[in-house]
Amino acid sequence: MHVRKKGRFVLEAAYLVPGICVLLVFLVYFTLYAHDYAVCTHAALESGTKGIYREDETAAQVQAAIEADLEKKLDERLLWLSDPEVEVSVSPLKASIRVAGNGRFLTTYSIEVKRTLYRVHPCDTLRTSRWLTNMAGEEE
């Protein structure tokens, strides 16, 4: 029996080349997704750490400062994520930061990063803030 081998390589290449191209495209998309997730995490931690130790400012001022710094960092560094939603809540003990959003393409995938930063010395913060006296005054 004589087997013809002329068309086998063309057929294998017809299946193999598109498969490799699809894998490369998914690799690029995954790399952009992983980059933006890491950038969101690092920016949230950096802005929160820098903003949470403002002693002479109110919680609203600290919250506004963290949000402004975080939005500036995200605008400069993101590759895939478009229009990230930034939510910051600040109390005398901690700051909670949430960054979420969808990408420009493959919009079914989204990034959501939640980080909570605690102050190193919460007793000093409670003692110097008006939060504890306000809470005690409301209970009476």
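The paragraphs below lead through the sheet, the helices beside it and an aromatic pair. This is a predicted model, in which local features need pLDDT of at least 70 and side-chain atom pairs count only at pLDDT 80 or more, while totals for chains, interfaces and linings use all residues. Residues are numbered from 1 along each chain as its sequence is written, and side-chain values use heavy atoms, with hydrogens and water left out.

An open sheet is built from 3 strands in the order β1-β2-β3, with antiparallel pairing (strands are DSSP runs of E with at least two residues, helices runs of H or I with at least four, numbered from the N terminus; two strands pair if DSSP finds at least two bridges between them). Because β1 and β3 (110–118) stand at the edges with a single partner strand each, one side of each is left without a neighbour in the sheet. Strand β2 (residues 94–103) is joined to β3 by 9 bridges, and S96 stands opposite T116 in β3.

Helix α1 packs on this sheet and touches β1, β2 and β3, its direction making about 25° with that of β3 (contact means heavy atoms within 4.5 Å; axes are lines fitted to C-alpha atoms, for helices over the stretch in contact, and angles run from 0 to 180 degrees between N-to-C directions). Helix α2 also packs on the sheet, touching β1 and β2, and its direction makes about 160° with that of β1.

The structure holds 1 aromatic pair, formed by Y33 and W80, which is edge-to-face at 5.4 Å centre to centre with 70° between the planes (rings of Phe, Tyr and Trp, the last by its six-membered ring, pair if their centres lie within 6.5 Å; planes under 30 degrees apart count as stacked, over 60 as edge-to-face and the rest as tilted). Y33 lies in helix α1 (residues 8–52) and W80 in the loop between α2 (59–77) and β1 (81–90), so the pair ties together parts that are 47 residues apart in sequence.
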